[in-house]
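Here's a quick briefing to read alongside the model. Have the sequence and the 3D view open as you go.

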Amino acid sequence: MKATHFGAGNIGRGFIGEILYQNGFSIDFVDINETIIDALKERNSYEIELAAAEKKHIKVEQVTGINNQKDPEAVIASVATSDIVTTAIGPNILPFIAELIAKGIQKRRLEGNDTPLDVIACENMIGGSQFLLNKVREFLNEEDLSYVDDFIGFPNAAVDRIVPMQQHEDPLFVSVEPFCEWLVDDTQSKAKQIRLDNVGYVSDLTPYIERKLFSVNTGHATTAYTGNYYRYTTIGEAIADDKVLNQLKAVLQETGDLLIAKWDFARSQHEQYIQKIIERFKNPYISDDVSRVARTPIRKLGYDERFIRPIREAKERGLAYQSLVNVVAMILQYDDPNDEESVRLQKMLKENSVADVIYEVTGLSDASIVDEIVEKTGEN
Ligand SMILES: NC(=O)c1ccc[n+]([C@@H]2O[C@H](COP(=O)([O-])OP(=O)(O)OC[C@H]3O[C@@H](n4cnc5c(N)ncnc54)[C@H](O)[C@@H]3O)[C@@H](O)[C@H]2O)c1
Ligand SMILES: O=P(O)(O)OC[C@@H](O)[C@@H](O)[C@H](O)[C@H](O)CO
């Protein structure tokens with residue numbers, strides 16, 4: 001069996017590759033990073049290390065690389081003959097790979113391949129695979145669209161494993177936290193013949209993806225932006241400061257109350273989930289840069305993203321959201337010259353009022369929430 005995986009970066013190699021290999025797949029990794037692609041082509045294997053005292057090593061074999069900029073036809077051919085397609089490339093990049101996936105699907109149809117296929121976006125976003133489907137549809141004709149309806153599933157997914165930026169001599173080596181979770185929405189899957197071990201297939205992904213995004217990712221981003229506010233450069237340094245830790249706990253209390261109210265999670269279980277997340281952020285065997293976790297701040301300020309959505313929904317339910325507002329105000333101060341979105345955000349703030357920028361990047365229409373953020377921005 002063969003997998004085509006888009007994005008041979010941290011989570012691609014450090015988690016999706018591991019699971020696909022364990023399940024007997026050979027993997028065509030698709031990426032634009034020449035160093036990584038050349039190394040995959042040359043060596044056909046790489047190593048993962050679990051960031052814990054034992055430093056267990058896992059070898060992933062039967063892998064190769066395709067550079068999608070240099071060899072798009074090879075990517076199309078790979079998708080056409082694959083048993084599973086996955087992505088871990090970043091939500092902002094999905095639109096740029098949609099045409100290749102569409103052409104691969106079209107080739108599959110023209111070759112008479114009726115084996116059902118799932119295309120699974122493993123990104124930190126709600127509805128990632130369905131978002132990708134909408135982008136792919138733009139490149140398909142009527143016959144292709146009907147073929148997709150019959151044979152190609154785009155099940156949404158949630159993936160959880162902290163994989164920091166890697167700095168090793170070996171460009172393929174990847175150090176990852178031991179914890180991992182990959183969940184797929186079974187109702188949107190069409191390739192029922194493939195059920196991956198160590199992947200959970202659930203009948204409703206929404207509670208799980210919301211719990212993950214609004215606990216792990218809201219909490220992670222809180223640690224990063226609060227840490228940056230107090231001039232820390234790693235998550236480990238930031239979380240060691242009680243001011244950061246207390247803001248993290250307050251934010252997770254707010255999103256926790258919302259998630260419990262919305263999805264009926266047992267409070268004691270959710271508290272354990274939060275405690276586990278805090279311990280994961282403190283992992284002494286991982287060095288995770290604030291700049292990685294805080295990357296793309298405009299995306300993270302989005303309407304359905306890790307701060308604005310819980311603020312909106314907490315307000316609707318009469319629940320507390322002040323700590324989330326505090327962090328949003330800190331995100332507006334996030335200034336990283338190496339992050340294109342941070343540069344754009346700071347430029348917008350120089351040229352417009354804070355309120356106008358908040359309306360634009362968050363998509364909020366509730367003036368009272370915008371006022372609360374503006375007020376908090378003035379206090380920082
Ligand atoms: N790292 C984590 O801890 C983690 C955990 C869960 C989910 N995720 C999600 O996984 C996705 C990837 O994150 P990551 O941390 O692995 O990032 P990353 O930057 O390490 O990997 C992304 C890869 O995509 C490649 N890429 C960028 N543009 C491309 C293009 N146009 N065509 C082909 N390849 C392209 C990059 O070269 C890079 O290798 C994100 O959505 C992220 O939110 C990350
Ligand atoms: O990848 P992002 O930019 O959406 O978020 C940064 C981190 O919070 C994220 O990559 C986590 O490490 C990961 O989601 C843990 O499962």
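**Core, ligands and a few local details**

Leaving out residues up to four places away in sequence, Tyr225 touches Ala294, Val327, Met330, Ile331 and Tyr334; touching here means C-beta atoms, placed from the backbone, within 7 Å. Bear in mind that this is a predicted model, where local features need pLDDT of at least 70, side-chain atom pairs count only at pLDDT 80 or more, and totals for chains, interfaces and linings use all residues. Residues are numbered from 1 along each chain as its sequence is written, while chains are lettered from A and ligands numbered from 1 in the order in which they are written.

**The core**

- Ile101, Tyr225 and Val328 have the most contacts inside the largest nonpolar core, which has 102 residues. Such a core is a set of buried Ala, Val, Leu, Ile, Met, Phe, Trp, Tyr and Cys residues joined through C-beta atoms within 7 Å, and buried means 20 or more other C-beta atoms within 10 Å of a residue's own, with C-beta atoms placed from the backbone.
- Helix H7 (residues 206-229) supplies the largest share of this core, eight residues; helices are DSSP runs of H or I with at least four residues, strands are runs of E with at least two, and both are numbered from the N terminus.
- The core lies between domain 1 (2-204) and domain 2 (207-379), because both give residues to it. The domain bounds come from an automatic or database assignment.

**The two ligands**

- Around ligand 1 there are 24 residues, and Gly7, Gly9, Asn10, Glu123 and Asn124 come nearest; a residue counts as near if its C-beta atom, placed from the backbone, lies within 6 Å.
- Elements giving two or more residues to that shell are helix H1 (10-22), strand S2 (26-31) and helix H4 (94-110), and H1 has the largest share, three residues.
- The shell around ligand 2 includes Asn124, Asp160, Arg161 and His220, and H7 gives the most to it, with three residues.
- Both domain 1 (2-204) and domain 2 (207-379) give residues to the shell around ligand 2, so it sits between them.

**Helix H13**

- In H13 (residues 308-316), Ile308, Arg309, Pro310, Ile311, Arg312 and Ala314 are buried.
- Those buried residues pack against H7, helix H9 (242-263), helix H14 (322-331), helix H16 (354-362) and helix H17 (367-379).
- Gly318 follows H13, with a positive phi near 70°.

Note on methods:
A residue is buried if 20 or more other C-beta atoms lie within 10 Å of its own, exposed if 12 or fewer, and partly exposed in between; C-beta atoms are placed from the backbone. Two residues are in contact if their C-beta atoms, placed from the backbone, lie within 7 Å.
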